[in-house]
Amino acid sequence: MHTTQERSCNSAFILPRNCTFTETDWKALAPFWYPIAFSQEVTDRPFAAKLLDERLVLFRLSDSSIVAARDLCLHRGAPLSLGWVENDELQCKYHGVCYDKSGQCTRIPAQPDAAIPARLKLTTYAVTERYGLVWVRLVDNGSVHFPSFQEWNDPDYIQVLPASVAIEAAAGRQVEGFLDVSHFAFVHTESFGERENQEVPDYPVERLPHGFSADYVSTVSNYPHGLKHLSPPGFKWRRLFEVWLPFTAKLTVTFPNGKLHILNAACPVSARKTRLFVPICRNFDKDAPLQDTLDFNDQVFGEDKDIVEEQYPEDLPIALQDEVHIAGDKSSIAYRKGLAALGLGRSFTA
């Protein structure tokens, strides 16, 4: 069961300490929703995470809702993630200062009868649970589109939640690689790519309110090597990509006997560090061993990781003239244009 609890930031804007983004890029990215943890990771014990260089602490209340706050006790600067939760309140390990779900300090054990300073209040953030993940947004300055993955709650589908992937690279580089359709025959030859099937047919790209879609049809089978014989002769494989700017994309692959959906949800831990979450749903082969799906997923994303971590410039170039483009890069070009429209700089934090 998924629960939602949203709270707005209750203090003035402060750029995170040692921020790796430019101020303008950080402000452009902060209003969006990002996954920062699996739902199962957040319990009644404080959980530490980082988003856009902001250190966060998460904890679950007795009603199953989640609190997300800046991981900093304003008394003496200790990380609250080192503390514990008692009676739905977060208690600092250093001096036992207690905070409730709104971030308000409720008790100072060393001075139980003294007035609590008004400034002793945590910055809390909007948080919600969807698709087995915990999502946070750091700045609430208007409506933004939340990534849609309705198959996660569809009883006709099985849901698979692979382990997250730690990537020493920019989230933009990872997402662009996920959208790329011309690397199959070179990067993924050990998993599903076909070295002899290199040509990229033309495909349409459509702008959408939340980003864009790219509808790619080719003869490249999505079956792993060893199962390629399951693809009917002449079968056309449709891969529909949908993008929610800045760093979430959904891939729908039409198989001969059903559909596979993959949500590529990248968490920008910092400018060049990403935690990737990839919930998967399919409505076929429901009795097949899930471990096979997990192993194949690990292999494919591992192949991508090996390339993305070596790309340079490390930050995704927003200015189109900074790299050379070919016809098969239509989705990449649309992606870079979309990021530029969000207000990201030409060099994107470089």
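Partly exposed means a relative accessible area between the buried class, under 20%, and the exposed class, over 50%. Keep that scale at hand for this predicted model.

**Stop 1: Glu129 and Arg60**

Select Glu129 and Arg60. Their side chains form a salt bridge, with N to O at 3.0 Å. Now colour the two strands. Glu129 sits in β10 (residues 124-130) and Arg60 in β4 (residues 54-60), so the contact ties together parts 69 residues apart in sequence. Check accessibility next. Glu129 has a relative accessible area of 5%, so Glu129 is buried. Arg60 is buried too, at 16%.

**Stop 2: Arg137 and Asp140**

Move to Arg137 and Asp140. Here the salt bridge spans 3.6 Å, N to O. Buried or exposed: which is Arg137? Arg137 is buried, at 7% relative accessibility. Asp140 is partly exposed, with a relative accessible area of 42%.

**Stop 3: Arg173 and Glu323**

Select Arg173 and Glu323. The closest N and O atoms of this salt bridge are 3.2 Å apart. Arg173 belongs to helix α2 (residues 171-179), while Glu323 lies in the loop between α4 (290-308) and α5 (330-341), so the pair links parts 150 residues apart in sequence. Arg173 is buried, at 2% relative accessibility. Glu323 has 24%, so Glu323 counts as partly exposed.

Notes. Residues are numbered from 1 along each chain as its sequence is written. This is a predicted model: local features need pLDDT of at least 70, side-chain atom pairs count only at pLDDT 80 or more; totals for chains, interfaces and linings use all residues. Side-chain values use heavy atoms; hydrogens and water are left out. A salt bridge is a side-chain nitrogen of Lys or Arg within 4 Å of a carboxyl oxygen of Asp or Glu. Helices (H or I, at least four residues) and strands (E, at least two) are DSSP runs, numbered from the N terminus. Buried means under 20% relative accessible area, exposed over 50%, partly exposed in between (1.4 Å probe, protein chains only).
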